[in-house]
Amino acid sequence: KMSLHRKPNLPVGPLTEYRSRASFDWFALKLWLEGENRFKIKNFVWKLISNDKTLRTFLDEYVENREALRELLVVQVRRLIQYDWFTIIKKEFPDVTDSEVQSAVDECLIFMPGPANALSLHYLFAVTCESLGTERHSHYFKGHKNIESMHYFGCFALTEFSHGTNTKRMATTALYDPKTQEFVLHTPSDNAAKCWVGNMGKHATHCVLAAQLLIANNNNETKNYGLHFFVVPLRDVTTHLPFPGVEVGDIGPKMGWNWIDHGYLKLTQYRIPLVNLLNKYQDVTPDGQYLTNFNPNQRFGLTLGALAMGRVGISEKAVQSCLMGLTTGLRYSACRRQFSDPSLDKTNTGEELAVIEYQLQQQRLIPYLAGSFAMLFMTRWLRGVYGEISDMSRAGDVSKNKKFAEMNAELHALSSGSKPVTTWYCRDTLQTCRECLGGHGYSTFSGVSAMRITNEPSLTYEGENNVLIQQCAQFIMKNYQRLKQGKPVHSPLGTLHWLPEIDTLLASKCGVSQPTEFMNGDILVLALRWRVAYLIAESSNRIMGELKNGAWKAWNNSQVFFLHSLAKAFIELIIVEANLKAIEKAPQSLKPVLSNLAFLYALSCIQQDMQIFLEGEYMKGIHSKAIKTLILSLCSNLKDDSISVIDAVAVPDEFMPSALGQSDGNIYENLWAKVRAVPGHSDRPSYWEMLRTPVAKL
């Protein structure tokens, strides 16, 4: 058990040598990263879970059938809900905030993605009802007994078979019937069926459904008011059977995540009451009048803004998965030994080098460690922004609150950019970790394969990354257009506060004359800001050149090398800024290692886009050479710190799903223990006689 006042002893073993080389105290870093409240909460949760046999039961997704996996998932979801984390944690620690509880519990549950994701989807249903609904929907809110007892079990139904990212073209309809004061929900074709809805296939009793709201006028002419959200009962809460008019089922086997019952939904003239419309930003009167204080684009933006926290949550999980994968990759690399210097070991019998000593292994892993740390600070900042916006929404009517609308729009853009950038980064991090483990990385016991599969769907759910990130580019270009029209920039969160000086920025050049000058946060931010400014100008010129084909084609023909690159560069700038700002508050003893990590990530971003800096003549070849040298130097210097950095963020060994990533560093002993624990691993197979019977020719 960890104490705020007592540093725990790490195991003595193969990793001890590297821990002794660290330039800082790993426990001091852990305490600073967590903060006192988060640290207390996580230790409290770890202790409860470690003693809970229900939550410590695991089934191998590649061995067990889906029914067994899902039965265990439901048992564990029920157990997680039973804990009532907010109540018991606040009783134990009255001074902690809701946000600290939520983020700490989420980080603790990263080792059990099945139940954690099913529970997140259930609460997404409840939080959406609260974000988009009103008091009449309070029995669906998080905290209500219906939700907390699983009497209702929820999901979120947006995607259809033939439409996902183009939400405005969803085909499911909700036609209002003033005679009965009901909405008639209908799926007009198989292609319009909702699909890939987590929790829906077998488990959910209710969903939040996205459908086109249709209202007929006195002339029986139907008007489409666009996509709206409704609370829809799916199954009888007594029999768990679907209601008449509801066809719901499982989507089928998947690459992974088979513990989650992703489902489909078809509705046939299915009626729900008027009050089931989530009506915070609009409403329909009993006689069929449509009411709203927002224009269609504003209302649509506010409605989809409810998805922002889901995307921030995905980014947080991606970062935690990166750190878990790197825990395995770096600890293994410090223990795995291969080859010795033949000039020093002429008989080839001396001690071999740990593979982390090789430049190539350092360059493959340590930049990802730097990036994961940087993204950790960015996602925490985004969570704080979402909390502020949620507080404003709960405080009262926001229809005339200009700042609220602008903050919501900016958060939507940031979450639409951060989700792709972090999940792509996680994909690449885990793939690199798997390769750095050599052949052992292919073993299920390495844990990395399961981490990869867990991250995989995040590349496409809640918005396919390549399409979603265009929302971020659109936010930037709209503000640039406003600037050119002499209007103020709409960036209350400050991410584009520098945009009015874009012309001065574009005219500037990199003034670095000595390589060490790049080891400066202001210089790195200025360079990354120039990159965004350059891509804004280039994207604008590209769009203007394509306008002869129409605005829509101009936008689509300006994605590759321009808008897509712009959005990614913008998010990377935000990541670096959030990282450097966080380090300002760090204890002096930790600033050197944290700064080196921050500089390494920023320099890696610049190096990957060096052609842009050279093309725009912001940098010269000498700068490119200096940055390469610095990256290699930082990787080498951080090599001796990397294990202690990992110790500060690693989950406890009993929750670390890898035989190769344990804190004792006994990679071979732990792997053998896993192999020998497999039932029948060395038994003669039941079909052995067939192996010994000669094959007869046909």
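Predicted model: local features only at pLDDT ≥ 70, side-chain atom pairs only at ≥ 80, totals over all residues.
Residues are termed buried when their relative accessible area is under 20%, exposed when it is over 50%, and partly exposed in between.

His 240 has a phi near 65°, a positive value in a residue other than glycine. His 240 is situated in the loop that joins strand 6 (222-233) to strand 7 (246-250). Its relative accessibility is 34%, and His 240 therefore counts as partly exposed. A positive phi, of about 75°, also occurs at Phe 561, although Phe 561 is not a glycine. Phe 561 belongs to helix 17, and with a relative accessible area of 68% this residue is exposed.

Helix 17 (residues 559-583) also takes part in a helix-helix contact, with helix 10 (residues 359-395) as the partner. Two packed helices are described by the angle between their axes and the distance between the axes. For helix 10 and helix 17 the angle is about 90° and the axes are 8 Å apart; the two helices are therefore roughly perpendicular to each other. On the side of helix 10, the contact involves Ala 374, Met 375, Phe 377, Met 378 and Trp 381. These residues meet Ile 574, Ile 575, Ala 578, Asn 579 and Ala 582 of helix 17. By class, the contact of helix 10 with helix 17 comprises 9 nonpolar residues, 1 polar residue and no charged residues.

A further packed pair is formed by helix 15 (residues 521-546) and helix 18 (residues 591-608), whose axes come within 10 Å and cross at roughly 30°. Helix 15 is therefore roughly parallel to helix 18, and the crossing of helix 15 with helix 18 is left-handed. Helix 15 contributes Gly 521, Leu 524, Ala 527, Leu 528 and Arg 531 to the contact, while helix 18 contributes Phe 599, Ala 602, Leu 603, Cys 605 and Ile 606. By class, 8 residues of the contact between helix 15 and helix 18 are nonpolar, 1 is polar and 1 is charged.

Helix 4 (residues 85-92) and helix 5 (residues 98-108) pack at an angle of about 115°, with 10 Å between their axes. Their crossing is right-handed. Trp 85, Phe 86, Ile 89 and Lys 90 of helix 4 make this contact with Asp 98, Val 101, Gln 102 and Val 105 of helix 5. The contact of helix 4 with helix 5 has 5 nonpolar, 1 polar and 2 charged residues by class.

Helix 12 (residues 448-455) is largely enclosed by the rest of the structure, because 6 of its 8 residues are buried. The buried residues of helix 12 are Val 448, Ser 449, Met 451, Ile 453, Thr 454 and Asn 455. They pack against helix 6 (113-132), helix 9 (308-335) and helix 11 (402-436).

Burial was also examined at individual sites. Ser 340, in the loop between helix 9 and helix 10, has a relative accessible area of 18% and is therefore buried. When residues up to four places away in sequence are not counted, Ser 340 touches Asp 345, Asn 348, Glu 351 and Glu 352. The C-alpha atoms of Ser 340 and Gly 350 are separated by 7.1 Å, the two residues being 10 residues apart along the chain.

Phe 300 is part of helix 8 (residues 296-304) and is buried, with a relative accessible area of 15%. Apart from neighbours within four places in sequence, Phe 300 is in contact with Thr 167, Lys 168 and Leu 227. Between Phe 300 and Ile 536, which are 236 residues apart in sequence, the C-alpha to C-alpha separation is 26 Å.

The structure holds 0 disulfides. For Cys 207, the closest cysteine sulfur is that of Cys 155, and the 5.0 Å between the two sulfurs is too far for a bond, since a disulfide requires cysteine sulfur atoms within 2.5 Å. Cys 207 is buried, with a relative accessible area of 0%. The sulfur of Cys 436 is 6.6 Å from its closest cysteine sulfur, in Cys 433, and this distance is likewise too far for a bond. Cys 436 also counts as buried, at 6% relative accessibility.

Note on methods
Residues numbered from 1 in each chain as written. Heavy atoms only, no water. Buried < 20%, exposed > 50% of the residue type's maximum accessible area, 1.4 Å probe, protein only. Helix = DSSP H or I, 4+ residues; strand = E, 2+ residues; numbered from the N terminus. Contact = heavy atoms within 4.5 Å. Axes fitted to C-alpha atoms, helices over the stretch in contact; angles between N-to-C directions. Parallel < 35°, antiparallel > 145°, perpendicular 65-115°, else oblique. Nonpolar A, V, L, I, M, F, W, Y, C, P; charged D, E, K, R; others polar. Left-handed = near helix turned anticlockwise from the far one by under 90°.
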